[in-house]
Amino acid sequence: MRAATVNIWREELKAVLRGAAGSFLFGIPLLYTVEVWSIGSAAQSPLLLAVLGTTFIVVLLLTEIEGFRRTLTLHPIEAILESIEALGIGLVCAAIALVLLRRVTLETPLSEALGKLIFEGVPFSIGVALARSILSRDRLENRTRRTINRPRLLAAPSLSSLRDTLVDFDATLIGAILIAFSIAPTEEIPILAADIPPLWLLWLMAASLLFSYGIVFASGFSDRSDRRQRGLLISPTTETLVAYLVALLASITMLVFFQQLTLQDPWQEWLGDTIVLALPAAIGGAAGRILI
Amino acid sequence: MADDSAKNTPVVDVSPSQSLSLIEPVRTLAEWITLGVTTLILAILVALVVYDWRANQSRPPAFQVEIAETARVTDGRYYVPFAITNTGGRVARTVQVTAELHLDNADDEAGEQQIDFLSGSERKRGSFVFEHDPQTGELVIRVASYRLP
């Protein structure tokens, strides 16, 4: 009975984290869009309320099919309650993201902050409702896993575990590129990087690591015991750190590829731009590792 | 045994054979708390939007420009910092701030600054740069125009 009580809280935390993971994955592209900030800032209050209402209806329609907690068709009242939760989680995630990128600071006037939050809250809330559809591997279960039933003893460095590590590495890279490639050439990267004070970049790095860890290990999308048997990157912390390095390298490559960074630019710009782009890359990389 | 634990806790991977739609939906305490917190957040958000609507939207943009007393001198140029505040409630776009320095013994100098976006009670800073010491002439900084969104 006691174990069951503990489980209730852990499962709920996992469910909320799952929602948050989907939220960030779906919301990130619009978070890095300057137009959404300005449309949100200029919007008047009646419009904001209308946007909030419309988002609720869209989230409700999505939840009717599949909630962020359960796959099965829900009771109508249950669907409404879960949509309220999805909207709330989405808005909290959007608020965290806006503060992290300094689109909302203590100096931002209330009306501007509300506008940005509600407009960015739209994709973030939809992401919560879609979390299971985007990230759950349930529907891929029919595919045979490469590493299923591998005895733990074989986790020691060997040729096959090296191959598994490469698979993880590859998945991170694919995910990072998938999400960050469309953001890399845009003007938002230098705009955001210019507004972020040097020490704030540390928060951004910490958040990138935390989100990456949360998506892969805390949200219960992938079975941890299954993951532990794979590859050289056994410890979740090590795996998260290495994946972040991959995200940083991918970001810097993409920025150079799009000539956002050139040899004439000061190193501070290289640092800022790379860390700003590594946030979506890390989130994409984490999604890549649980899906591939 | 496995079925019992599945009923007590919302297991993520429910097998298709266990149709939850037939079982009465069970909300755990943890789920009720999530609902309570998120409802509270949404209620606060809606309240803030309504408050902002009543308090600010009826006041059109108005501007206050402050100029620093002393200019900063770097490499023989004079940098005059200014701060512009939208004292109204509504947003103004493309706010044009102009500076004119009337000098007695030289040609007049002028500067122009366009601020894309200034929402109600927002404050933005910038600087005008002159070749001559603003103290030796008459400096006029004013808002020339703006656009409503």
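**Close-up views of a predicted two-chain model**

Figure 1. The crossing of α2(A) and α5(A) is right-handed. On the α2(A) side the contact is made by A:V36, A:W37, A:I39, A:G40 and A:S41, and these residues meet A:E112, A:G115, A:K116, A:I118, A:F119 and A:E120 of α5(A). Sorted by class, the residues of the contact of α2(A) with α5(A) comprise 5 nonpolar, 3 polar and 3 charged.

**Figure 2. Helix α5 of chain A is bent and mostly covered.** The helix runs over residues 110–135 of chain A, and at A:A129 its course bends by about 60°. Of the 26 residues in α5(A), 23 are buried. A:A129, the site of the bend, is also among the α5(A) residues that meet helix α3(A), a pairing shown in the next view.

**Figure 3. Helices α3(A) and α5(A) pack roughly parallel to each other.** Helix α3 (residues 45–65) of chain A packs against α5(A) at an angle of about 5°, and the two axes are 9 Å apart; the pair is therefore described as roughly parallel, since angles under 35 degrees fall in that class. From α3(A) the contact draws on A:L48, A:V51, A:L52, A:T55, A:V58, A:V59, A:L62 and A:T63, which meet A:L114, A:G115, A:I118, A:F119, A:G121, A:V122, A:S125, A:I126, A:A129 and A:L130 in α5(A). By class, the contact of α3(A) with α5(A) contains 13 nonpolar and 5 polar residues, and no charged ones. Among the residues of α5(A) listed here, A:G115, A:I118 and A:F119 also take part in the contact with α2(A).

**Figure 4. Helices α6(A) and α10(A) meet at an oblique, right-handed crossing.** Helix α6 (residues 159–180) of chain A and helix α10 (residues 236–257) of chain A pack at an angle of about 45°, their axes being 9 Å apart, which makes α6(A) oblique to α10(A). The crossing of the two helices is right-handed. In the contact, A:F169, A:T172, A:L173, A:A176, A:I177 and A:A180 of α6(A) are set against A:A243, A:V246, A:A247, A:A250, A:S251 and A:M254 of α10(A). The residues of the contact of α6(A) with α10(A) divide into 10 nonpolar and 2 polar, with no charged residues. An α-helix has 3.6 residues a turn, so residues three or four places apart point the same way.

**Figure 5. Chain A as the setting of the helix pairs.** Chain A has 11 helices and 0 strands, and its elements, read along the sequence, follow the pattern α-α-α-α-α-α-α-α-α-α-α. Of its 292 residues, 48% count as buried. Among the contacts of chain A between residues at least 6 apart in sequence, 85% join residues that are at least 24 apart.

**Figure 6. B:V80 is a buried residue of strand β3 in chain B.** The strand spans residues 77–86 of chain B. B:V80 counts as buried because 21 C-beta neighbours lie inside 10 Å, where the cut-off for burial is 20 or more. Apart from neighbours within four places in sequence, B:V80 is in contact with B:I67, B:A68, B:A71, B:S127, B:F128, B:F130 and B:P134. One of these partners, B:A68, is 12 residues away from B:V80 along the chain, and the C-alpha atoms of the two are separated by 6.5 Å.

**Figure 7. B:I141 is a partly exposed residue of strand β7 in chain B.** The strand spans residues 138–147 of chain B. With 19 C-beta neighbours inside 10 Å, B:I141 counts as partly exposed, because burial requires 20 or more. Leaving aside neighbours within four places in sequence, its contacts are with B:V65, B:I67, B:F82, B:V97 and B:A99. B:S58 lies 83 residues from B:I141 in sequence and 27 Å away in space, C-alpha to C-alpha.

Figure 8. Chain B has 2 helices and 7 strands, arranged along the sequence as α-α-β-β-β-β-β-β-β. Of the 149 residues of chain B, 21% count as buried. Among its contacts between residues at least 6 apart in sequence, 67% join residues at least 24 apart.

Key. Residues are numbered from 1 along each chain as its sequence is written. Chains are lettered from A and ligands numbered from 1 in the order in which they are written. This is a predicted model: local features need pLDDT of at least 70, side-chain atom pairs count only at pLDDT 80 or more; totals for chains, interfaces and linings use all residues. The bend at a residue is the angle between axes fitted to the seven residues ending there and the seven starting there. Helices (H or I, at least four residues) and strands (E, at least two) are DSSP runs, numbered from the N terminus. A residue is buried if 20 or more other C-beta atoms lie within 10 Å of its own, exposed if 12 or fewer, and partly exposed in between; C-beta atoms are placed from the backbone. Axes are lines fitted to C-alpha atoms, for helices over the stretch in contact, and angles run from 0 to 180 degrees between N-to-C directions. Angles under 35 degrees count as roughly parallel, over 145 as roughly antiparallel, 65 to 115 as roughly perpendicular and the rest as oblique. A crossing is left-handed if the near helix is turned anticlockwise from the far one by less than a right angle, and right-handed if clockwise. Two residues are in contact if their C-beta atoms, placed from the backbone, lie within 7 Å. Ala, Val, Leu, Ile, Met, Phe, Trp, Tyr, Cys and Pro count as nonpolar, Asp, Glu, Lys and Arg as charged, and the others, Gly among them, as polar.
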